Amino acid sequence: MIPAYLAADLLVVLHALYVGFVVGGLVIVWVGWAAGWNWIRNFWFRVIHLGAIGLVAVEAVFGWTCPLTDWENRLREEAGQTPYPGDFLAYWAHRLLYWDAPQEFFWTLHILFFGIVVATFWWIPPHWPGRRGQTPR
């Protein structure tokens with residue numbers, strides 16, 4: 001069985017990959033649009049990306065802590081480590097950028113980012129499955 005501290009560390013990596021997909025995915029769509037890359041209009045990539053940030057936005061609207069954060073904190077407590085308070089993004093933003101902002105700031109950031117992804121979904125639409133001969137806007 002995997003030790004709790006190692007499982008918690010693996011969850012941090014998973015969480016970071018999730019955040020990287022959400023943030024990096026949007027950047028890739030914009031860069032790909034500017035560069036004329038057709039693959040950035042892949043329906044499934046875009047829907048999964050929209051769903052990933054949509055989940056974060058719902059958590060922010062309802063003030064829920066991310067389940068990955070809760071799970072990681074429980075594992076850290078089980079391993080005798082101190083869990084970090086609050087949201088994953090808030091914690092790492094503070095650690096990496098020395099921010100000290102209220103939780104509401106990060107919730108607002110999540111919701112605004114969701115809005116940007118939705119606007120990008122409309123502005124640079126995906127190619128819907130089964131449709132032929134689509135021309136990008």
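Predicted model: local features only at pLDDT ≥ 70, side-chain atom pairs only at ≥ 80, totals over all residues.
Modeller: Residues are numbered from 1 along each chain as its sequence is written, and side-chain values use heavy atoms, with hydrogens and water left out.

Biologist: What makes α3 a helix, and what span is expected of α3?

Modeller: Helices are DSSP runs of H or I with at least four residues, numbered from the N terminus. α3, residues 67-78, has twelve residues. The expected span is 1.5 Å times one less than the number of residues. That gives 16 Å, and α3 reaches 16 Å from first C-alpha to last.

Biologist: Which residues of α3 are called buried?

Modeller: L68, T69, E72, N73, L75 and R76. Buried means under 20% relative accessible area, exposed over 50%, partly exposed in between (1.4 Å probe, protein chains only).

Biologist: How do you know that the buried residues of α3 line one face?

Modeller: Seen down the axis, they fall within an arc of 160°, so they line one face. The arc is that of directions from the helix axis to the C-beta atoms. On the other side, P67, R74, E77 and E78 are exposed.

Biologist: Why is α1 called roughly parallel to α5?

Modeller: The axes of α1 (residues 4-35) and α5 (residues 103-123) cross at roughly 30°. Axes are lines fitted to C-alpha atoms, for helices over the stretch in contact (heavy atoms within 4.5 Å). Angles run from 0 to 180 degrees between N-to-C directions. Under 35 degrees counts as roughly parallel, over 145 as roughly antiparallel, 65 to 115 as roughly perpendicular, the rest as oblique. Therefore α1 is roughly parallel to α5.

Note on methods: Helix = DSSP H or I, 4+ residues; strand = E, 2+ residues; numbered from the N terminus.
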